[in-house]
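Here is a friendly walk through one protein model, meant to be read with the viewer open.

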Amino acid sequence: MIIASRPAGMRIICSNRWSVVGDCELTAATAISNRMFTTLSSSKSYHMLIRRNCNTTTYTSPASKQYSRGRRYVSRSIHNHHPKLTYDAVSYPQHLKRRYASNVNNQPKLAYEWIVNGKQSRLNDNDIIKSVHEDGKEVIVFLHGLLGNAKNLRSPAKKLTQQLSNYNALLLDIRGHGNSTSDSLYFEQPHTFTSCVEDIKDTLKPLGLTGTNSPTVICGHSLGGRIALQYSHTLCTTDNTQQIEAPRQTWILDSVPGKADPSVHGVLNAISSLPTPIPSKTWLIDTLVKEHKMNKAIAQWIATNLRDNGDDALEWIFNLHIANELVQNFSEQDFTKMIHDVTHPSSNDDDMKKKKSTVQLVMAGRNKSWSEEIIKELESIPSFRDRLHLHTLDKAGHWVHVDDPEGLLKVMVEGLEH
């Protein structure tokens with residue numbers, strides 16, 4: 001156990017990049033992989049992990065390679081104890097990523113990661129934004145689907161930024177998913193697409209992605225596609241009070257208008273019926289396949305959404321309550337009208353026309369939910385072939401970025417280059 005203290009002022013303990021700050025004596029907790037740091041006081045214990053550059057004395061020890069830059073987390077209690085503390089926080093290891101510092105002033109609300117030149121970037125945010133501002137790079141935001149997380153779209157983001165080096169990709173975890181906390185203190189109800197749009201804006205602003213640095217493209221898969229459309233619609237149809245400009249292109253990857261497919265509710269019901277914590281991934285897959293008659297590939301994918309809680313048991317990395325509420329938004333979203341509003345200039349005013357976004361809708365050829373009726377309705381939108389483009393990947397199922405990655409890359413590169 002390591003202990004550092006001062007009679008007055010801050011006490012700090014650091015492991016090269018990582019630091020812990022408290023108002024009293026500090027110790028390094030050893031209960032969970034020797035990775036969590038704890039402050040001790042007479043009545044409470046607080047957990048916090050902070051990047052170096054604290055302007056304080058540091059004590060160094062070998063740094064763990066488990067940590068990665070880019071994601072920012074901190075527990076609520078330490079900030080309440082130190083409401084004036086400012087810092088650039090970093091991530092816990094996978095099984096400790098519990099809470100995100102959205103209640104800290106000027107901190108991004110959602111967890112995120114950067115993909116630059118085909119790789120996960122280890123540059124800090126300032127260097128990446130500097131490349132946007134000074135080198136003319138553009139930002140494309142990626143949003144994952146229901147029960148997913150940012151890593152689901154790493155592969156297409158890497159391939160895209162490798163081929164189009166003028167783009168940096170920002171991958172977000174939407175509320176209640178991945179490493180974005182499900183704590184109601186940070187993400188209060190209602191859990192709607194509109195709330196998700198506000199989360200995105202509250203993430204972009206602290207990163208400096210406003211004005212001319214605003215993301216020029218937003219791309220979402222499934223649920224993420226619906227949120228991407230909601231985001232563009234909000235910025236295209238309301239006054240620009242948030243200082244974030246509407247994206248030039250909105251990419252929607254196999255998001256079918258209307259109600260959620262019954263299979264979605266089936267998956268949510270199956271997961272909700274399971275006891276927690278989950279004994280093992282093998283148990284989970286077997287139970288979903290045998291008892292709930294779930295496709296094995298889907299069951300295996302669901303099993304990737306587990307993390308070790310430190311007690312030899314597994315827990316979900318998403319919040320089922322939030323996921324269920326977001327699914328209820330599907331039938332309430334007027335998908336076709338929103339595309340019309342986003343793509344069709346409603347005014348002769350040049351400033352209003354600049355706020356319009358081109359919609360690129362990618363459909364999975366093997367997804368039977370794309371009925372002729374839905375396609376005809378989309379083709380009836382006045383901006384069809386002008387600002388609304390439909391692409392079909394014949395050999396892809398719903399996970400277009402997995403089933404036909406080269407086909408998806410081809411249509412996205414062509415669309416973005418034009």
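The report below moves from a helix to a strand pair, then to aromatic rings and backbone details.

This is a predicted model, in which local features need pLDDT of at least 70, side-chain atom pairs count only at pLDDT 80 or more, and totals for chains, interfaces and linings use all residues. Residues are numbered from 1 along each chain as its sequence is written, and side-chain values use heavy atoms, with hydrogens and water left out.

**Helix H9 and what covers it**

Helices (H or I, at least four residues) and strands (E, at least two) are DSSP runs, numbered from the N terminus. Buried means under 20% relative accessible area, exposed means over 50%, and partly exposed is in between, with a 1.4 Å probe and protein chains only. Which residues of helix H9 are buried? Within residues 320-328 they are Leu 320, Ile 322, Ala 323, Glu 325, Leu 326 and Val 327. Their cover includes helix H4 (193-204), helix H5 (223-237), helix H6 (262-272) and strand E15 (314-316). Contact means heavy atoms within 4.5 Å. At the start of H9, Asn 319 places a side-chain oxygen within 3.1 Å of the backbone nitrogen of His 321.

**A buried histidine**

His 401 belongs to helix H13 (residues 400-403). Its relative accessibility is 8%, so His 401 counts as buried. Neighbours within four places in sequence aside, the contacts of His 401 are Asn 152, Leu 153, Pro 156, His 221 and Leu 408.

Two strands pair if DSSP finds at least two bridges between them. Strand E16 (residues 358-364) runs parallel to strand E17 (residues 388-393), with six bridges. To find one of them, look for Gln 360, whose bridge partner in E17 is His 389. Together with helix H12 (residues 372-379), E16 and E17 make a right-handed β-α-β unit. Right-handed here means that, with the strands pointing away from the viewer, the path from the first strand over the helix to the second runs clockwise.

**Aromatic pairs**

Rings of Phe, Tyr and Trp (its six-membered ring) pair if their centres lie within 6.5 Å; planes under 30 degrees apart count as stacked, over 60 as edge-to-face and the rest as tilted. The count by this rule is three aromatic pairs. In one of them, the ring centres of Trp 301 and Trp 399 are 6.1 Å apart and the planes lie at 55°, so the pair is tilted. This pair links distant parts of the chain, 98 residues apart: Trp 301 is in helix H8 (residues 296-303), and Trp 399 is in the loop between E17 and H13. Trp 301 is partly exposed at 21%, and Trp 399 is partly exposed at 31%. Trp 316 and Phe 318 form a stacked pair, with 5.0 Å centre to centre and 20° between the planes. Trp 316 is buried at 10%, and Phe 318 is buried at 6%.

**Backbone details**

Most residues other than glycine have a negative phi, and most peptide bonds are trans. The table lists some exceptions.

| Site | Backbone value | Location |
|---|---|---|
| Gln 189 and Pro 190 | cis, omega about 5° | Pro 190: loop between strand E11 (167-172) and H4 |
| Thr 276 and Pro 277 | cis, omega about 0° | Pro 277: loop between H6 and helix H7 (281-290) |

Asn 117 is partly exposed, with a relative accessible area of 42%, while Arg 385 counts as exposed at 67%.

Key: A polar contact is a pair of N or O atoms within 3.5 Å; within protein, one must be able to donate a hydrogen and the other to accept it, and residues adjacent in sequence count only if both atoms are side-chain atoms.
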